[in-house]
Amino acid sequence: MTNQNNFSHIAYPSSSHPGATVKSGGCGPCAALMVVENLTANRYLMANWIKWVLSIGARVAGGTAMDVLGKAMAKKFALAYQTTDDPDVLSDHLKAGGLAVAHVAGAYGDWKGLFSTAGHFVTVLGLDSDGDLIVGDPDFRSGKFTTGSLGEWRARYVEVEDQLVYVKKEYLQQDTLNREPHYYLFSCLEQGGSGEAAEERDRYLTLAEVPSWGAPTVEKLLTKGFLKGVESDQLDLSRDMLRLLVIHDRAGLYGENSA
């Protein structure tokens, strides 16, 4: 699980919070990274992931624009993407093998906030045998769901095991009521959604078209200057050429293999 509290040393600035870090304001990118690393073979160093999130304009004054980030993730990693406010649609999506990011609202009225007292993003990783939601909280901390008056209140609605939070869908629905949309849904294209999967293309003209299994290698080669575009800066990589580059990368021919 990706925990934002481990990254106080990585900047995540916005116009209103120039000194912000991943720890103080990075729940959105951390929740999104859990989706990427659970649905695809991609692995990222947090510094590189945040660099990409900032480059696509997903960082906004008040936090993270998850719709901007979600659409960019769908394009980069060949994922199906949609949003919903319906908890039954969320459950069906999870049953089909998808994952989701939930935008919780925090405290309002008599509701004290299950995952935060303010706006916060968490990752819905699946369903347990009882149909309860399995949630990865980027801000998971010891005692968050058990200690003090707030923790004791939260313990009435959730169960915690091995840093995963189990919650009934009606309680997560309550926790997202003041946010729109409630849920950002992601799945592999072969599981649902529309459009042509990147893996089915004969040639890849740009990095955005490269499938998720080859994107880290191509990104590395572009950064190092080993790979350059041809006409109009188009990569024009064939599928066989991409596979060969990935094999060479895994063999260590291009140096460090971390994304």
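Entry 1. I began with helix H8 and looked up what lies over its buried residues; the cover includes strand E11 (237-238) and helix H9 (239-250). I note at the outset that the model is predicted. Helix H8 spans residues 215-224. I listed its buried residues as Ala 215, Pro 216, Thr 217, Val 218, Lys 220 and Leu 221. Just after H8, I found Gly 225 with a positive phi of about 85°.

Entry 2. I then turned to the salt bridges, of which the structure holds seven. One of them is formed by Glu 219 with Lys 76, and their closest N and O atoms are 3.7 Å apart. Glu 219 lies in helix H8 and Lys 76 in helix H4, so this pair ties together parts that are 143 residues apart in sequence. I also asked how accessible each partner is. Glu 219 is partly exposed, with a relative accessible area of 24%. Lys 76 has a relative accessible area of 8% and is buried, because buried means under 20%.

Entry 3. Which residues are linked in a network of salt bridges? I recorded Asp 137, Asp 139, Arg 141 and Lys 144. Asp 137 forms a salt bridge with Lys 144, the closest N and O atoms being 2.7 Å apart. For the bridge between Lys 144 and Asp 139, the corresponding distance is 3.3 Å. I checked the burial of these residues as well. Asp 137 is buried, with a relative accessible area of 0%. Lys 144 is buried at 4% relative accessibility, and Asp 139 counts as buried at 15%.

Entry 4. I next examined residues other than glycine with a positive phi. Ala 78 has a positive phi of about 55°. Ala 78 is found in the loop between helix H4 (66-77) and strand E3 (79-84). Is Ala 78 buried or exposed? With a relative accessible area of 13%, Ala 78 is buried. Asp 236 is another non-glycine residue with a positive phi, near 55°. I located Asp 236 in the loop between H8 and E11. At 30% relative accessibility, Asp 236 counts as partly exposed.

Entry 5. I looked for the peptide bond between Glu 180 and Pro 181 and found that it is cis, with omega of about -5°. Pro 181 lies in the loop between H7 and strand E9 (183-188).

Entry 6. Lys 169 counts as partly exposed, at 26% relative accessibility. Which residues does Lys 169 touch, not counting those up to four places away in sequence? I noted Pro 87, Asp 88, Ser 91 and Leu 133. I also compared Lys 169 with Ile 134: the two are 35 residues apart in sequence, and their C-alpha atoms are 9.8 Å apart in space.

Entry 7. Finally, I looked up a patch of charge on the surface. Asp 130, Glu 159, Glu 161 and Asp 162 form a negative surface patch. One of these, Asp 162, lies in the loop between strand E7 (158-161) and strand E8 (164-167). Asp 162 is exposed, with a relative accessible area of 70%.

Technical notes:
Residues are numbered from 1 along each chain as its sequence is written. This is a predicted model: local features need pLDDT of at least 70, side-chain atom pairs count only at pLDDT 80 or more; totals for chains, interfaces and linings use all residues. Side-chain values use heavy atoms; hydrogens and water are left out. Patches are made of residues with over 30% relative accessible area and no salt bridge: like charges are joined within 9 Å, nonpolar side chains (Val, Leu, Ile, Met, Phe, Trp, Tyr) within 5 Å. Accessible areas come from the Shrake-Rupley method with a 1.4 Å probe; for residues, only the protein chains shown count as cover. A salt bridge is a side-chain nitrogen of Lys or Arg within 4 Å of a carboxyl oxygen of Asp or Glu. Lys and Arg count as positive and Asp and Glu as negative; His and the chain ends are not counted. The place of a charge is taken as NZ of Lys, CZ of Arg, CG of Asp or CD of Glu. Helices (H or I, at least four residues) and strands (E, at least two) are DSSP runs, numbered from the N terminus. Buried means under 20% relative accessible area, exposed over 50%, partly exposed in between (1.4 Å probe, protein chains only). Contact means heavy atoms within 4.5 Å.
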